[in-house]
Structure formats: structure tokens, C-alpha cells
Amino acid sequence: MPSTTRRRFLRPAALIGAAVLAASVTACGSSDTPSAATSSSASASASASASAAAGVLTVRDPWVKAADKGMTAAFATLANDGDTDVTITGVTTDVSRAEIHEMAMTDGKMAMRQKQGGVVVAARSQAALEPGGDHLMLMDLTRPVRPGDQLDITLTFADGRTQTFTAVAKPFTGAQESYAPGHGESPMPEMSMSPAS
């Protein structure tokens, strides 16, 4: 019987101890002079924050369709490992002006157009930028984009953060899409195509 009573009192005591520990960790985190132990936690936290500030997306397989002039497009798979949705509202490059585009039905035909509201990458999910779907449109190229060229592309998010990634230019003829003036009237390219290696 004494052991049962003792067990009953241990649980609340353990809970109170855990609450006190959590409160002291929180207090340490906000202290101006953290101890060595909290210093390494603060560094890890700062590092995670810096990472989030740079953009919470992981950019997989980024590439650009090689083009001599005019327009082209960039593609990638964007993974959001965070707990909140991320909205991409803008894009810039040093070789052209750029916009986020989509394929949409216009006057009974599939056509490319600027995507209003940007691209939302849901929390713990991914979004594909691909031929025939959402993509990053590079317009008025200031120089040719040759196979093997590496382009820096910067995404701007709804909250003002930015993230830059590098995409490699590759030849691509699979979907026969056209990124030239009047591209808004071109038929929808086939989906799930990949660049020539």
C-alpha cells in the first residue's frame, strides 16, 4: 500500500519538475548572457532561423531550357519541409526579366499566362515547376542561354524573404513548347517531360 501512495505523488512531482525545467529553458533562451550550454542551443536556433530566413524551400533538379534569344523557362521541384505554407510571388534573374507563369484555359484553349497570386508550396509538401504546368518565365533574354550555362534565379516570397538557387541550362525539345513572342497562344505542351541529358 505505501508504494501505491508513493507512485501517486511521484507523477505530479515529475510533471511539476518538467514544467519548471521548461520554464527555465525558456528563460535561458531570452537571457542576454546565455551560459555555454544554452549558447550552443542558441547557435543551433540562430542557424535554423538563418536557414529559414534564406528560404525554407529545398530546390531539386533546377534547370532552364537553352535558348538563343527571346524567351525561355526554368523548372524545378520545390519542397517545403516547414510547418507553414510558403507563397512564391516573384522571380528575378540576371539574364532577363522574369515572371511566374501557368498553363490555363483561355477562350477554350490552353495558354500560358502570368500566375496571379504566385505559387503556394504547402507545408510538408512539394510543388513542381514543369513544362505544361507552372513555370518560371524568362523574357527578353539579354544573352543566349547555352546548354551547360548556370543561371542564378532568385525567388521572392510573400513575406519578403528571398532565396537564390542555380539552374543549369539544357536542350529540351520533348514537349515542343514555344517560349517566343505570342507564347500565350501556343497549345499546351505535354506534361512530365524531362530535359535532354
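Here is a stop-by-stop walk through the structure above, with something to select at each stop.

**Before you start**

This is a predicted model, in which local features need pLDDT of at least 70 and side-chain atom pairs count only at pLDDT 80 or more, while totals for chains, interfaces and linings use all residues. Residues are numbered from 1 along each chain as its sequence is written, and side-chain values use heavy atoms, with hydrogens and water left out.

**Stop 1: the whole chain**

Show the protein chain as a cartoon. Follow the chain from the N terminus and the order is α-α-β-β-β-β-β-β-β-β-β-β.

The protein chain exposes about 11,400 Å², and carbon and sulfur atoms supply 55% of that. Those areas come from the Shrake-Rupley method with a 1.4 Å probe, and for residues only the protein chains shown count as cover. Of the 197 residues, 34% count as buried. Buried means under 20% relative accessible area, exposed means over 50%, and partly exposed is in between (1.4 Å probe, protein chains only).

How do the contacts in the protein chain split by separation? Residues 24 or more positions apart account for 67% of the contacts with a separation of 6 or more, where a contact means heavy atoms within 4.5 Å.

**Stop 2: colour by confidence**

Now colour by pLDDT, the predictor's confidence in each residue, from 0 to 100. The protein chain averages 74, and 59% of the residues score at least 70. Select residues 3-54: pLDDT stays under 50 there, and the model has seven contacts beyond four places in sequence for this stretch. Residues 183-194 also stay under 50, with 32 contacts beyond four places in sequence.

**Stop 3: the nonpolar core**

Select Leu-57, Val-64, Ile-88, Leu-136, Leu-138, Ile-153 and Leu-155. Of the 27 residues in the largest nonpolar core, these touch the most other members. Strand β9 gives the most to this core, with four residues. A nonpolar core is a set of buried Ala, Val, Leu, Ile, Met, Phe, Trp, Tyr and Cys residues joined through side-chain atoms within 4.5 Å. In soluble globular proteins, nonpolar side chains tend to be buried together.

Zoom in on Leu-138. Leaving out residues up to four places away in sequence, Leu-138 touches a list of residues including Val-64, Met-71, Val-95 and Leu-151.

**Stop 4: the rings**

How many aromatic pairs does a search of the whole structure find? There are two. Rings of Phe, Tyr and Trp (its six-membered ring) pair if their centres lie within 6.5 Å; planes under 30 degrees apart count as stacked, over 60 as edge-to-face and the rest as tilted.

Select Trp-63 and Phe-75: this pair is tilted, 4.6 Å centre to centre with 40° between the planes. Trp-63 lies in strand β1 (residues 57-65) and Phe-75 in strand β2 (residues 72-80), so the pair ties together parts twelve residues apart in sequence.

With Trp-63 it forms an edge-to-face pair, 5.1 Å centre to centre and 65° between the planes. Phe-172 sits in the segment after β10 (162-170), so this pair ties together parts that are 109 residues apart in sequence. Trp-63 and Phe-172 are both buried, and Phe-75 is buried too. Ring pairs link Trp-63, Phe-75 and Phe-172 into a cluster.

**Stop 5**

Go to Thr-154 in strand β9 (residues 150-157). Thr-154 is buried, with a relative accessible area of 18%. Its side chain makes a polar contact of 2.8 Å with the side chain of Thr-164. A polar contact is a pair of N or O atoms within 3.5 Å; within protein, one must be able to donate a hydrogen and the other to accept it, and residues adjacent in sequence count only if both atoms are side-chain atoms.

Beyond its neighbours within four places in sequence, Thr-154 is in contact with several residues, among them Gly-90 and Gln-163. Select Gln-163 in strand β10; it is buried, at 12% relative accessible area. A polar atom of its side chain lies 2.8 Å from the backbone oxygen of Leu-57.

**Stop 6: a loop**

Finish at Asp-83, in the loop between β2 and β3 (86-93). Is Asp-83 buried or exposed? Asp-83 counts as exposed, at 63% relative accessibility. Its side chain and that of Arg-124 are joined by a polar contact of 2.8 Å.

Terms used
Helix = DSSP H or I, 4+ residues; strand = E, 2+ residues; numbered from the N terminus.
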